[in-house]
Amino acid sequence: MSSRKISYAFLTDPREQFARDVARGLTLSGQKELSSTYLYDEVGSPLFEAITNLAEYGLTRADERLLARHAADIVSRLKSQVLVAELGSGSGRKTRWILEALTRRQRTTYCPIEISPTALARCESELGQIEYVSIVGFERPYLDGLLAAASGRHQNEHLLVLFLGSTIGNFDRDAGERFLAEVRRILYPGDALLLGTDLEKPLPQLIAAYDDPTGVTAAFNLNLLARINRELGADFDLAAFRHEARYNSAERRIEMHLRSRRDQSVTILNAGCTVTFAKDETIWTESSHKYRADEIPAMARRTGYRCDAQWLDSEWLFAENLLVAE
Ligand SMILES: C[S@@+](CC[C@H](N)C(=O)[O-])C[C@H]1O[C@@H](n2cnc3c(N)ncnc32)[C@H](O)[C@@H]1O
C-alpha cells in the first residue's frame with residue numbers, strides 16, 4: 001500500500017488527555033459518556049481478568065476454546081515467517097496457544113500493544129517463559145503501537161495481528177470498520193489479522209454476562225469514577241452511582257452505564273470542571289456490539305481483507321476470523 005497516513009488516538013501526555021476527555025465527555029449537553037479505554041488501570045485490568053473467569057461471562061472461554069482447538073490450522077494458513085503483534089493484549093493468556101503453535105516452526109517475536117501498564121506487565125510475565133518467544137511490549141494506543149511494532153519487522157517477515165476478545169465490539173460499527181481499514185494501511189498484502197467477534201445470543205445470557213450477581217462487573221465499571229477521583233482529584237461518591245447493563249436492540253449492543261442515584265454535583269479539580277447529574281441520569285461507559293457470523297466476511301471485504309477462514313464456538317456463540325490483507 002502506498003498510503004501510510006495513520007491517525008493517532010492519544011496525545012503524548014496520557015494524564016492530560018484523560019483530563020481533557022473526562023471534561024468533554026461529562027459536559028456534553030445530551031448523553032454523558034466516557035471512553036471504555038479508561039476502564040483499564042491498575043484496578044480495572046485485574047477486575048477485567050476476574051470477569052473473564054465468571055461463569056456468566058462465557059466470551060473469553062469461547063475465544064480460548066477456538067484458539068486451543070484451531071491454533072495449528074490457523075498457523076498453517078500463515079506465510080512462512082511471521083511477527084506477531086496483539087492489539088489490547090490484556091493478560092495474553094489465550095495468546096499462548098498461537099505462540100506455542102508458531103514456535104513449532106519458527107522463533108517468534110511477539111509485540112503486545114497495551115494502554116494499561118498493569119495488563120502489559122501481566123502479559124509479559126504470563127508469556128515470557130515460552131521457549132523460542134521474544135517479547136517486545138508497547139505501552140501505547142493501538143495504532144501507534146502497531147506502527148512501531150511493524151516498523152521493526154525484518155525483510156520477508158509477515159505480520160500476524162491479533163485482535164481477540166471481541167474488543168472490536170467496543171467501537172461503534174462505523175468506527176470499527178474505520179479501525180480495521182486503518183490497521184490494513186499498516187499491513188502489507190498477505191499479512192493477517194485474527195479477529196475475535198462475539199455473536200448475537202439470547203438476551204438473558206447477554207445481560208448476565210455484563211451484570212453478574214457477584215458484582216465484579218459493577219466494580220469494574222464503578223472503578224472508572226474511582227480512577228477519576230485518584231488521578232484527577234475528583235470527589236465522586238461511588239455509592240451515589242450504580243452499574244447498569246442494557247441491550248440496545250436497534251444497535252445490537254450491550255451498553256454499560258453508571259446511573260446517578262440522586263441529583264448531585266461533582267468537582268473534578270484537574271479537569272477544571274464541576275458536573276451536575278440529575279437523578280437517574282447516566283454516564284455511558286462501554287459498548288459491546290454483537291455480530292452475526294456472516295457479517296464478518298462482508299466487513300472484511302469492505303476494509304481491504306478477505307476472510308480466509310472462520311471458526312465458530314457452539315457452546316457460547318463466538319467467531320474467530322482469519323482475515324488476510326489483499
Ligand atoms: C476487552 S479487553 C481484552 C483483553 C484481551 N485481548 C482479551 O481478549 O481478553 C481490552 C484490552 O485493550 C486495552 N485497550 C483499551 N483501549 C486501548 C487502546 N486505545 N490502545 C491500546 N490498548 C487498549 C485494555 O487495556 C484491555 O486490556
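Biologist: What covers the buried residues of α2?

Modeller: The cover includes α3 (59–76), α5 (117–127) and α9 (216–232). Contact here means heavy atoms within 4.5 Å. Helices are DSSP runs of H or I, at least four residues, numbered from the N terminus. This is a predicted model: local features need pLDDT of at least 70, side-chain atom pairs count only at pLDDT 80 or more, and totals for chains, interfaces and linings use all residues. Residues are numbered from 1 along each chain as its sequence is written, and side-chain values use heavy atoms, with hydrogens and water left out.

Biologist: Why is Cys 123 called buried?

Modeller: Buried means under 20% relative accessible area (1.4 Å probe, protein chains only). Cys 123 has 0%, so the word applies.

Biologist: Why is Cys 273 called buried?

Modeller: Its relative accessible area is 13%, so Cys 273 is buried as well.

Biologist: How many disulfides does the structure hold?

Modeller: The count is 0. A disulfide needs a pair of cysteine sulfur atoms within 2.5 Å. For Cys 123, the closest cysteine sulfur is in Cys 111, 11 Å away, so the gap is too far for a bond.

Technical notes: Helix = DSSP H or I, 4+ residues; strand = E, 2+ residues; numbered from the N terminus. Buried < 20%, exposed > 50% of the residue type's maximum accessible area, 1.4 Å probe, protein only.
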